[in-house]
Amino acid sequence: MLKAEGQNWIRNLRKKWINFYLISIIAIALAISLVLSVMSVYLLHFSPWLFAVVFPVILGIFLFIKPIWKTTDQDVSRFVNNQYPELEESADLLLQNQDELTILQQLQRNKIENIIPNLSQPKEPVKKLYLGLIILLVGLLISIGISQISLHKSEPLNFHEKASQIPAIKENIPAEISDFSATIIPPAYTQKAERKQKQFTITAETGAKTNWKIETNIGIKKLKIIFNDNEIAPLKALNASHTQWTYSKTVNKSGFYQLDLDGKKSDLYQIEIIPDLPVTIKITQPKQHTTIDIGQPQKINLNVSLTDDYGINDAYISATMASGKGEGVSFTEKKLSFNTGFDNKRNFTLSKQIDLKSLGMKPGDELYFFIKAMDNHGQSSRSDVYFVSIVDTAELMSLAGMTNGVNLVPEYFRSERQIIIDTEKLIKDQSSIPVQTFKTRSNDLGIDQKLLRLRYGQFLGEENENEIGGDHDDHDEHAEHKNEGEKFGDVSTIMDKYAHKHDIAEDATFFEPEMKAQLKAVLTEMWNAELRLRTYKPQEALPYEYKALRLLKDLQQKSRAYVAKTTVKTAALKPEKRLTGELDKITQPVQKMSFEQKEKRTAFLKAALALLESRKTGKKFIEQDQFLLGKTEKYMIGAAADHPSTYLNALSSLRKLSTGNKLIMSDIDLVEQAIQKMINTEAAKPQTQSTGPASALYQNYFNNLNKTGK
Amino acid sequence: MEFKYIAILVSLVLLAFLLYKEVTRTNRARLVWRILANIVAVGCFILLIVPIRYETHVKQNPDEIILLTDGTNTDSVAKLKRKKYAFPSVNLKNTKATTLSDLSYFLKSNPNIRKLNIYGYGLSAAELKNLKGYQITFHPSANPGGIISANWPAKLKTSEPLQVQGTYQNSGSEMVKLLFKGLGKAVDSIAIGAKSNKSFSFKTNPKQTGKAIYELIALQKNDTLAKEPVPVQVSDQTPMKVLILASFPDFEYKFLKNWLYENQYPLAFRSQISKNKFAFDFLNIDSINLNRINTSSLKKFDILIIDEEELAAISPNERSSIALGVNNGMGLLIRVTNTKALTTLGGKFGRFESPVLKGKPLNLIVTEDHHKFNPLPLEQAVFLKSNQTDQPIVADASGKTVVNSSISGYGKVLVSTLSATYNWLLSGQKTDYATYWSKILANAARKRNDIQSVNIIPQFPVIHQKMRIIADLVASDRIPQLKIDSILLSPRQNMELPFQWDALYWPQKSGWTNLEVNQAIEPVYIYKKTDWEALKNQQKLDGTHQFIKNLGTTKAKNKLTDTIVEEEVSLWWFFAGFLLAAGFLWYESRILAVK
């Protein structure tokens with residue numbers, strides 16, 4: 001019994017160990033997968049089912065890393081030996097077969113077996129369990145936090161969505177109407193399902209078909225619908241008792257309408273149109289102007305994103321290549337497709353590599369392209385035109401620009417060209433000459449390039465060979481001043497002592513700032529070329545050399561002005577004959593015009609404002625006022641047909657005012673605001689100033705003043 | 001028999017009955033106390049109904065009175081033990097004072113009164129006039145809270161802005177929001193901090209033609225403290241007549257011509273083609289002979305725009321008739337381009353040349369109201385010097401004058417060195433162009449004489465209160481017909497100015513009323529009694545202070561005599577006595593007697 005006790009103790013410990021460890025691992029895995037899935041669900045908007053995948057995966061990974069179930073009794077006994085010095089490193093004796101033990105071992109074993117039951121349980125597995133649970137708790141807290149953050153963020157969004165769904169205006173529905181519905185069938189291109197609403201205010205896509213279905217509680221002889229106050233359409237009665245009516249119309253324009261039930265008119269309801277916008281095209285790559293230098297791959301990567309509100313039908317690249325020079329220039333047009341199907345998706349991110357060589361472009365040619373896209377409603381839109389040009393090296397190497405005309409900038413240009421020629425020759429010879437010679441020649445070329453750069457630097461006023469456009473930092477010459485005898489009271493000498501004065505090197509040259517900037521760019525390219533040459537990479541240096549040459553060419557062209565010679569011959573003037581012509585036959589032109597203000601709208605609206613103001617003080621409208629109100633209503637109907645959401649409320653308020661006797665301030669305010677919106681801002685007009693009545697007394701006073709003044 | 005005697009009689013009967021009951025009670029304990037309590041209770045009850053008055057002697061100056069005016073703090077006045085007089089408008093609450101309906105009448109009927117102690121906001125200017133020669137001590141109330149001054153043009157011409165300016169005095173301890181509202185919408189607002197005075201200036205373009213009432217609303221959080229009406233009248237005007245004489249047609253003239261034409265201004269335009277040959281444009285005006293400029297043809301126009309070359313080219317005769325026309329009120333705008341003056345009229349202002357800044361646009365400012373124009377893309381080299389007698393109208397950003405003006409006789413001469421304002425139109429800044437030329441033309445043009453002008457005193461005529469209508473007329477020989485609310489008034493001629501007539505009126509209705517002066521209708525706004533109260537109170541306060549300051553302090557000898565003042569014993573004493581006595585009786589019968 002005793003013997004088994006020791007073994008049992010170790011086995012129990014092992015079981016406990018494994019169980020606790022397992023629980024802890026599960027807890028940790030749970031925590032990690034919880035945090036991960038919460039993040040992906042709330043922030044990246046994945047499905048919550050993701051958790052079912054993540055958790056087993058993470059658990060699997062943990063178990064794979066630490067296969068806890070493989071823990072053997074030996075492992076436990078080793079641990080116990082370490083943990084409890086009382087066992088004197090002999091816990092494993094308990095696990096061995098008793099018969100195989102020596103006497104000494106048996107003695108030891110007996111000794112331990114007496115000790116073991118009195119030993120306290122090791123704390124290690126419990127610690128592991130606690131650690132796991134703590135991690136789980138932290139994970140829970142983090143995931144709750146994340147879900148709270150994203151809830152807070154998404155709240156305003158939801159709120160807006162809801163707000164837009166709720167009708168902005170509370171509608172007044174005539175009492176005779178017991179039930180009604182408006183069915184809006186959006187046009188096919190929107191791919192939207194038809195929707196039914198119990199609301200007269202209609203928001204529909206352009207070209208949507210709208211069906212009204214109205215049920216009245218009593219029979220009505222005639223039910224009409226009036227659009228924009230001028231288009232009257234009768235509704236069809238569906239049954240004999242005239243209680244069910246229907247009407248359908250395709251709406252293309254914003255506006256408003258009202259119902260006419262046997263002459264009784266309802267409120268005004270607005271129709272708002274959601275227009276279909278053309279595809280927006282955004283080219284993210286390349287830049288609007290791209291130049292491909294020698295050595296660069298003659299390819300361009302085109303990245304475009306297309307967006308439309310309903311769907312994109314088609315998109316292609318329209319490319320035009322211009323080749324040749326002067327009069328011999330020729331254009332070829334090509335349509336490049338994106339090689340993807342446009343199945344009316346709303347968003348597209350397309351990329352295409354255009355191989356200029358396969359288009360047949362040679363150096364010196366230019367490519368103009370734009371992207372044209374069509375949406376499913378048949379509206380097309382196009383992007384800006386982008387330019388890609390391949391630099392013509394032959395052009396650069398030609399002497400055409402230099403042989404004729406004045407050569408403002410001296411012969412250094414040829415040197416850059418010479419360096420290019422030498423570099424190309426060196427590359428060609430590379431295989432046939434020994435490496436050392438290649439390196440020496442490359443280095444020599446680098447030295448040449450450096451010399452050239454320094455000489456150009458002189459144009460910029462550079463004195464130091466290490467920097468581009470840098471300032472010099474030795475100021476020895478200032479020391480000389482000390483030796484000179486100082487004159488007492490000479491302000492300039494005193495000033496010189498404290499001021500740091502010398503010419504600003506850059507300003508000492510004759511170039512304009514723009515030219516200087518370009519010269520600096522040339523120097524940078526030369527720097528780069530030199531670097532490559534000195535590190536024995538002539539192949540890499542070549543593009544920089546070409547670029548430097550191209551920039552230099554541009555510079556040279558810039559510094560030239562050309563004025564064509566023209567010849568003009570004028571008749572000689574006879575001064576004595578000037579201004580002596582006979583003018584008696586010349587009639588004096590007289591123009592007489594009178595400006596007729598055709599539009600009396602503003603004048604009417606202004607008068608209406610004053611009328612409303614007098615209504616505010618409690619005065620009732622009289623007969624004559626009705627004419628003015630009618631006119632105002634007419635203008636407001638026009639305004640409301642274009643902007644129903646702005647003017648419709650004011651229009652119904654105006655109608656209420658002109659018919660009703662009750663004075664409602666808020667209605668007047670609304671109408672006044674609308675009228676002021678309708679009257680555009682007025683520019684100032686010259687106005688004569690007025691003075692008091694001119695009595696004879698003032699006149700006399702003025703005359704007397706004048707007399708005394710003289 | 002009076003009520004109080006009946007009450008006393010009934011109470012005495014009650015007392016007798018009570019005493020009888022007390023004496024006949026079987027339990028005769030504390031009989032004396034009970035009888036005493038009964039007597040006290042009934043006695044106090046009687047005195048509750050019939051209060052005791054007694055007369056005290058107060059040393060008071062017999063020729064001195066206390067006058068309570070609007071805004072008196074009744075609590076502070078209540079302590080004063082003297083006879084008080086108050087206006088009917090004063091809210092007295094629990095202070096006793098004799099109401100005075102007419103101060104001057106009262107003073108006349110009590111000629112011995114020499115000294116007045118005035119409490120509250122003081123008296124109006126009209127009332128103060130009657131107090132000359134009296135000795136006055138003023139105990140002013142705290143400054144009123146609200147708009148204490150305000151001003152705005154009551155009549156506007158179309159497209160002129162309405163500017164309302166004033167001061168708000170916030171004596172409260174919380175922030176006040178002052179809102180300017182009109183034509184159904186809030187125009188502007190300003191916040192006034194606690195315990196501070198702040199001046200405000202609101203500007204808007206009234207869009208109506210006719211009458212409208214704007215409002216100044218003082219808000220403290222959600223409470224409306226005051227709502228003051230700002231009545232405004234906008235009317236159209238006959239446009240000014242413009243004559244342009246050009247030595248050569250240029251864009252400046254062409255654009256100006258078109259702009260005036262489209263705004264329906266009568267305009268005659270003459271430009272020289274050749275020697276003594278002209279091209280004429282008569283726009284919105286009947287054609288007249290303009291081959292030669294003379295005084296009679298100039299009389300038809302309100303303003304003449306001419307360039308200096310043309311002014312120099314016309315005959316001296318024409319030039320002198322232009323000068324005469326200006327002296328008689330016509331406006332003259334001369335466009336100059338050179339630094340050298342060619343004519344005396346054009347040479348009115350010295351010119352100087354300033355180095356041109358290449359590529360820098362010209363930023364112009366109206367000197368009067370510092371209105372800034374959008375930059376004009378031209379390089380201006382010639383500027384004008386300005387003297388003390390000139391009034392610069394437009395200057396550039398650094399203050400160099402571009403358009404200058406001075407008075408010549410009745411009229412005005414303007415000189416402008418600006419030659420291409422049409423650039424504003426080309427760059428789409430129509431409002432700048434319109435503002436510039438409106439400013440220039442309005443400044444120069446002949447002033448129109450009204451047939452009559454009407455002045456109303458006070459600034460805010462109030463319903464049921466006296467207002468004075470003063471009418472200025474052209475002719476003084478005929479009595480004008482003044483009619484208001486269809487009541488014919490009898491005007492009185494001014495002694496010194498025979499063309500000025502005035503009449504008094506007490507308006508019957510608030511709101512717009514029509515004042516007819518010789519058939520011409522002049523709308524007048526009559527305010528409610530509660531409108532602009534703070535302003536009126538502040539005016540009274542200031543007026544009274546000023547009056548006292550001007551009065552000088554000649555202190556009369558204070559001669560004190562006994563004056564009899566009636567005082568009343570507080571009813572609370574009797575009530576307490578009644579309560580105690582009745583309480584004792586109750587306690588005695590319920591608790592002491594039962595034991």
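Start by selecting A:P286, which sits in the loop between β12 (280–285) and β13 (289–292) of chain A; strands here are DSSP E runs of at least two residues, helices are H or I runs of at least four, and both are numbered from the N terminus. The peptide bond leading from A:Q285 into A:P286 is cis, with omega near -5°. Most peptide bonds are trans.

A note before moving on: this is a predicted model, where local features need pLDDT of at least 70 and side-chain atom pairs count only at pLDDT 80 or more, while totals for chains, interfaces and linings use all residues. Residues are numbered from 1 along each chain as its sequence is written, and chains are lettered from A and ligands numbered from 1 in the order in which they are written.

Now hop to chain B and pick B:P458, in the loop between β27 and β28. Here the peptide bond from B:I457 is also cis, with omega near 5°.

Next, show where the chains meet: 41 residues of chain A and 55 of chain B take part in the contact (C-beta atoms, placed from the backbone, within 7 Å). On the chain B side, colour α11(B), which gives the largest share, eight residues.

Then select β21 (residues 590–593) of chain A together with β17(B): they pair in the parallel sense over four bridges (pairing takes at least two DSSP bridges). Within that pair, look for A:Q591 opposite B:D281.

Last stop: B:S486, in the loop between β29 (482–484) and β30 (487–489) of chain B. Its phi is positive, about 55°, although it is not a glycine.

Terms used: Two residues are in contact if their C-beta atoms, placed from the backbone, lie within 7 Å.
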